[in-house]
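The following exercises are to be worked with the sequence and the coordinates at hand.

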Amino acid sequence: NLKKVISWTLPTNAGEALVVIVALVAGMALPLTPVQILWINLLTDSAPALAMGVDDETEDVMGHPPRPLTERVIDRRMWRGVVGLGLVMAAAALITLDLHLPGGLIEGDESIDTARTAAFTVLVLAQLFNALNARSESVSAFRHLFVNRWLWLALATSVLLQVAVVHLPVLNEAFSTVPLTGQQWLVCVAMASTVLWASEARKL
């Protein structure tokens with residue numbers, strides 16, 4: 001379970017870092033503000049991490065030989081997953097940013113605040129999708145999907161928090177966000193879900 005939490009947390013951190021670095025190098029608008037990064041790391045991360053700590057064992061746990069005592073907690077396979085999913089998260093957030101801004105690779109017509117809110121939302125939702133991935137390195141996220149009710153409660157709580165930070169005026173001012181339309185939310189969910197599909201393809 002410790003490995004599950006680590007393999008879930010590190011790709012999110014890698015994705016956040018890559019989003020900011022790529023945006024700076026490419027001369028794009030800054031996709032995240034410092035307070036938004038804090039929101040991702042402190043609030044929407046906390047409940048799923050605790051829930052994953054009490055996750056049931058996966059069905060393949062007895063199908064592997066005992067791990068050597070010298071094996072690292074973060075091994076080469078986990079690092080590949082961290083880098084790969086971090087790249088997918090970063091790409092999803094940057095494409096979402098570009099979709100909403102005028103003059104990008106894909107022409108948009110929204111303000112920088114809307115584009116930044118959408119990219120921020122994609123990163124939050126992507127890490128929630130990745131919580132489903134992290135439950136097993138080899139078994140599909142859709143197997144035994146609902147066995148951990150605490151995880152689903154944590155995911156629902158995190159989604160509600162994100163909806164609040166996007167739509168409540170008092171939080172808009174504090175976190176430099178603006179309300180998104182229903183269509184924009186659908187785009188954010190679709191872009192964030194690429195993390196799930198990428199992981200499913202790797203497991204397959």
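Helices (H or I, at least four residues) and strands (E, at least two) are DSSP runs, numbered from the N terminus. The model is predicted: local features need pLDDT of at least 70, side-chain atom pairs count only at pLDDT 80 or more, and totals for chains, interfaces and linings use all residues. Residues are numbered from 1 along each chain as its sequence is written, and side-chain values use heavy atoms, with hydrogens and water left out.

**Exercise 1. The chain as a whole**

Solution. 
- Step 1. Along the principal axes, the C-alpha atoms fill a box of roughly 55 × 35 × 25 Å.
- Step 2. Buried means under 20% relative accessible area, exposed over 50%, and partly exposed in between (1.4 Å probe, protein chains only). Of the 204 residues, 44% count as buried.
- Step 3. Contact means heavy atoms within 4.5 Å. Among contacts with a separation of 6 or more, 76% join residues 24 or more positions apart.

**Exercise 2. Helices H1 and H4, and Gly15**

Task: Describe how H1 and H4 pack, and decide whether Gly15 is buried or exposed.

Solution. 
- Step 1. Two packed helices are described by the angle between their axes and the distance between the axes. Axes are lines fitted to C-alpha atoms, for helices over the stretch in contact, and angles run from 0 to 180 degrees between N-to-C directions.
- Step 2. Helix H1 (residues 2–26) packs against H4 at an angle of about 45°, with the axes 7 Å apart. Angles under 35 degrees count as roughly parallel, over 145 as roughly antiparallel, 65 to 115 as roughly perpendicular and the rest as oblique. H1 is therefore oblique to H4.
- Step 3. A crossing is left-handed if the near helix is turned anticlockwise from the far one by less than a right angle, and right-handed if clockwise. H1 and H4 cross in the right-handed sense.
- Step 4. The contact includes Leu10, Ala14, Gly15 and Leu18 of H1, and Gly86, Met89 and Ala90 of H4.
- Step 5. Ala, Val, Leu, Ile, Met, Phe, Trp, Tyr, Cys and Pro count as nonpolar, Asp, Glu, Lys and Arg as charged, and the others, Gly among them, as polar. On this basis the contact of H1 with H4 has 16 nonpolar, five polar and one charged residues.
- Step 6. Gly15, in helix H1, is buried at 0% relative accessibility. Beyond its neighbours within four places in sequence, Gly15 touches Gly86, Met89 and Ala90.

**Exercise 3. Two further helix pairs**

Task: Classify the packing of H4 with H8 and of H2 with H5.

Solution. 
- Step 1. Helix H4 (residues 76–100) and helix H8 (residues 182–192) meet at about 155°, with their axes 10 Å apart. H4 is therefore roughly antiparallel to H8.
- Step 2. This contact involves Ala92, Ile95, Thr96, Leu99 and His100 of H4 with Gln184, Val187 and Met191 of H8; by class there are five nonpolar, three polar and no charged residues.
- Step 3. The axes of helix H2 (residues 34–44) and helix H5 (residues 112–133) come within 11 Å and cross at roughly 25°. H2 is therefore roughly parallel to H5.
- Step 4. Six nonpolar, three polar and one charged residues form the contact of H2 with H5, among them Trp39 of H2 and Phe120 of H5.

**Exercise 4. Loop residues**

Task: Locate His144, Ser176 and Asp109, and assign each an exposure class.

Solution. 
- Step 1. Most residues other than glycine have a negative phi. His144, however, has a positive phi near 55°, and for Ser176 phi is positive at about 55°.
- Step 2. His144 sits in the loop between H5 and helix H6 (149–167) and is partly exposed at 46% relative accessible area.
- Step 3. Ser176 belongs to the loop between helix H7 (169–175) and H8; with 34% relative accessibility, Ser176 is partly exposed.
- Step 4. Asp109, in the loop between H4 and H5, is exposed at 68%. Leaving aside neighbours within four places in sequence, Asp109 contacts His100, Leu101 and Pro102.
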